[in-house]
Amino acid sequence: MAPSAASGVSSLPSGFAVFTTFPDLLFIFEFVFGGLVWILISSSHVPIPLIQGWVMFASVFCFVATTILTFLYVIGAHGNRTSWITLDAAYHSVAALFYFGASVLEALATIQLQEGFYYKFYHENISAVVFSYVATLLYVVHAMFSLIRWKSS
């Protein structure tokens, strides 16, 4: 007999099913785009070091936390407890907020690079801004669907 939704038991994926269910499939894209932001920011030139520091912190923190959360989902550490849905929704909401702040600051720094810097640095920063906004969008979508999953649990 299958557990009912009213009993508070969720159906969180584990194993390789994490990579085939939505919104958990977004872990892969968050990992890829977060890694690209990390690489591009570390190789780019930002005139204000504080901005580069925040963007690096946000991208490294989210990259590492997403990797750990994905690994925990794959090994089934959640045990189908509903508290993991809350953790997932909270993490992705915080990550979306971090990435949004990083995206705005990186866009500001890129605008300042428009005059007086090498063409290569300017394009690296533009790429970092684009990938940062894509990562922000992925985290927002994941957070929204995690909140929907949380509401229905």
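The stops run from the whole chain to single residues.

This is a predicted model, in which local features need pLDDT of at least 70 and side-chain atom pairs count only at pLDDT 80 or more, while totals for chains, interfaces and linings use all residues. Residues are numbered from 1 along each chain as its sequence is written, and side-chain values use heavy atoms, with hydrogens and water left out.

**Whole chain.** The chain has four helices and zero strands, in the order α-α-α-α from the N terminus; helices (H or I, at least four residues) and strands (E, at least two) are DSSP runs, numbered from the N terminus. Of its 153 residues, 39% are buried, where buried means under 20% relative accessible area, exposed over 50%, and partly exposed in between (1.4 Å probe, protein chains only). The accessible surface comes to about 8200 Å², and 76% of that belongs to carbon and sulfur atoms; areas come from the Shrake-Rupley method with a 1.4 Å probe, and for residues only the protein chains shown count as cover.

**Helix 1.** Next, select residues 26-43, which form helix 1. Its 18 residues reach 26 Å from first C-alpha to last, close to the 26 Å expected at 1.5 Å a residue; the expected span is 1.5 Å times one less than the number of residues. Among its buried residues are Glu30, Gly34 and Gly35.

**Annotated spans.** UniProt, in an unreviewed entry, places "transmembrane region" at residues 16-41, 53-77, 89-109 and 130-150; its positions are given in the numbering used here, feature names are shortened, and annotations may be inferred rather than shown by experiment. Select residues 53-77: the span is 92% helix and 0% strand, with end C-alpha atoms 33 Å apart. Then select residues 130-150, which are 100% helix and 0% strand, with end C-alpha atoms 30 Å apart.

**Helix 4.** Now select residues 119-152, helix 4, and find Val140 within it. Val140 counts as partly exposed because its relative accessibility is 35%. Beyond neighbours within four places in sequence, Arg149 is in contact (heavy atoms within 4.5 Å) with residues including Phe22, Tyr73, Asp24 and Asp88.

**Surface patch.** Finally, select Phe22, Val140, Met144, Phe145, Leu147, Ile148 and Trp150, which form a nonpolar surface patch with about 660 Å² of accessible area together.

How values were computed
Patch = residues over 30% accessible without salt bridge, like charges linked within 9 Å, V, L, I, M, F, W, Y side chains within 5 Å. Salt bridge = Lys/Arg side-chain N within 4 Å of Asp/Glu carboxyl O.
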